[in-house]
Amino acid sequence: MAVVVSENSLALSSLNAICPYYTMYPLDFPLQVLKEHGKSGEWVIDPFCGRGTTNFAARLLSMPSIGIDSSPVAAALAKAKLASAAPSRVVASARAILKSAKEPTSMPTGDFWKLAYHENTIVQICQLREALLTECTSDTRILLRAIILGALHGPRPKGEPSYFSNQSPRTFAPKPNYAVKFWTAREMWPVDVDVLSIIKKRADRYLAEPAPNVRGKVQLGDSRVAGTFNGIPKARFVVTSPPYFGMRTYLPDQWLRLWFLGGPDFVEYRQHPAQLVFASEKVRPEHESPAPDVGDSVPAAEFRVIALDSLVKMKLIAFYDKDRTHLRDMISVGLIDQSWRSRLPVLLAERVQQILDTPDG
């Protein structure tokens with residue numbers, strides 16, 4: 001029989017709130033589904049696991065689970081939902097890191113960082129970051145990492161600070177330019193917070209009551225790729241919420257937490273526009289050649305595929321970064337060589353030569 005538990009069992013369910021994450025559904029949803037239809041020992045999989053709500057619900061019901069997500073932030077948080085460690089051990093780990101740490105080997109700079117964190121605070125954050133990037137395989141460190149990710153940015157209360165940052169949203173990372181203007185206009189300067197004290201409060205809150213020890217695994221991967229599921233146990237249940245259609249800012253919106261996990265200390269929100277290439281039409285009026293006709297194809301088993309000549313021309317006409325990458329891939333397997341220059345219009349011949357001259361990008 002499965003364990004009878006509800007989201008109102010605050011002591012057990014508190015771990016699920018260790019760090020906010022957008023597009024998450026309430027814990028009660030997977031709990032009710034699995035409680036009604038599942039039983040202890042049956043495997044559950046969430047191929048778009050986000051912060052691991054499904055995995056945590058399965059754990060509460062003594063059901064082993066697999067979580068997969070392409071976001072490093074999501075994977076780090078979901079791993080914490082399957083980890084166990086006493087609050088005192090997590091705090092001791094943080095204290096030991098800060099006590100033994102030297103000056104960070106790298107520190108982010110710029111107006112945003114000066115206004116987002118007090119100079120003493122950012123040093124400690126960087127010390128913790130470097131230690132956890134070096135080793136983060138134990139349950140204790142996995143939970144410490146998740147606690148820090150949750151405390152990295154959020155609102156500034158009137159009382160004791162509960163986040164490391166200046167006034168910020170909790171779920172999404174602040175956009176640097178807007179945040180600098182906001183803080184400066186309101187004369188909001190970062191406070192020298194007690195990093196260890198915030199970690200302790202959060203550890204005591206989220207790890208007060210350990211959940212059952214249940215088998216499980218979370219992996220960073222793309223569920224659109226079949227190979228991602230190699231070696232994964234056969235699951236009885238799939239409980240998930242696929243990514244929102246058209247949403248392309250999952251990673252930029254989490255850039256600060258991504259930075260803590262080893263990403264860059266800046267963010268680029270600009271997205272390439274959707275690329276539409278119409279058959280037999282010029283992509284731009286000034287282009288020398290139109291895109292090939294889709295009728296230029298060759299038969300396969302039960303369908304037709306565009307001819308190589310036409311595919312190469314389409315890539316050379318569009319010539320976005322991803323098209324240049326595809327062209328270099330074709331060069332690497334011998335599909336494109338110097339002989340192509342004579343088969344192409346002047347502009348496209350120049351472009352293919354550019355790619356041939358820079359096979360490594």
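Predicted model: local features only at pLDDT ≥ 70, side-chain atom pairs only at ≥ 80, totals over all residues.

Which residues of H4 are buried? I get Val73, Ala74, Ala75, Ala76, Leu77, Ala78 and Ala80. For me, buried means under 20% relative accessible area, exposed means over 50%, and partly exposed is in between (1.4 Å probe, protein chains only).

Residues are numbered from 1 along each chain as its sequence is written, and side-chain values use heavy atoms, with hydrogens and water left out.

**Entry: helix H4**

H4 covers residues 72–80, and seven of its nine residues are buried, so this helix is largely enclosed by the rest of the structure. I then checked what those buried residues pack against: helix H3 (53–60), strand S2 (65–69), helix H8 (139–151), S3 and helix H11 (255–260). Contact here means heavy atoms within 4.5 Å.

**Entry: the whole protein**

I count 14 helices and six strands. Both are DSSP runs numbered from the N terminus: helices are H or I with at least four residues, strands are E with at least two. Of the 361 residues, 47% are buried. I also looked at contacts with a separation of 6 or more, and 69% of them are between residues 24 or more positions apart. The protein exposes about 19000 Å², and carbon and sulfur atoms supply 54% of that; the areas come from the Shrake-Rupley method with a 1.4 Å probe, and for residues only the protein chains shown count as cover.

**Entry: the sheet**

What is the order of the strands in the open sheet of four? It reads S3-S2-S1-S4, with parallel pairing. S3 and S4 are the edge strands, each pairing on one side only. Two strands pair if DSSP finds at least two bridges between them, and S1 and S4 are joined by two. Isoleucine 45 stands opposite valine 238 in S4.

**Entry: serine 223**

I found serine 223 in the loop between S3 and S4. At 14% relative accessibility, serine 223 is buried. A polar atom of its side chain lies 2.6 Å from the backbone oxygen of proline 47. Leaving out residues up to four places away in sequence, serine 223 touches Pro47, Phe48, Ile68, Thr228 and Phe229.

**Entry: salt bridges**

My rule is a side-chain nitrogen of Lys or Arg within 4 Å of a carboxyl oxygen of Asp or Glu. That gives six salt bridges, and I followed up a few.

Arginine 236 and glutamate 42 meet at 3.7 Å, N to O. This pair links distant parts of the chain, 194 residues apart: arginine 236 is in the loop between strand S3 (216–220) and strand S4 (237–238), and glutamate 42 is in the loop between helix H2 (28–37) and strand S1 (44–46). Buried or exposed? Arginine 236 is exposed at 52%, whereas glutamate 42 is buried at 16%.

Arginine 343 and aspartate 309 have their closest N and O atoms 2.7 Å apart. Arginine 343 is in the loop between helix H13 (321–332) and helix H14 (346–357), while aspartate 309 is in helix H12 (residues 308–318), 34 residues apart. Arginine 343 is partly exposed at 41%, and aspartate 309 is partly exposed at 28%.

I also noted glutamate 135 with arginine 141, at 3.9 Å between the closest N and O atoms. Glutamate 135 is partly exposed at 30%.

How values were computed. Polar contact = N/O pair within 3.5 Å; in protein donor to acceptor, adjacent residues only side chain to side chain.
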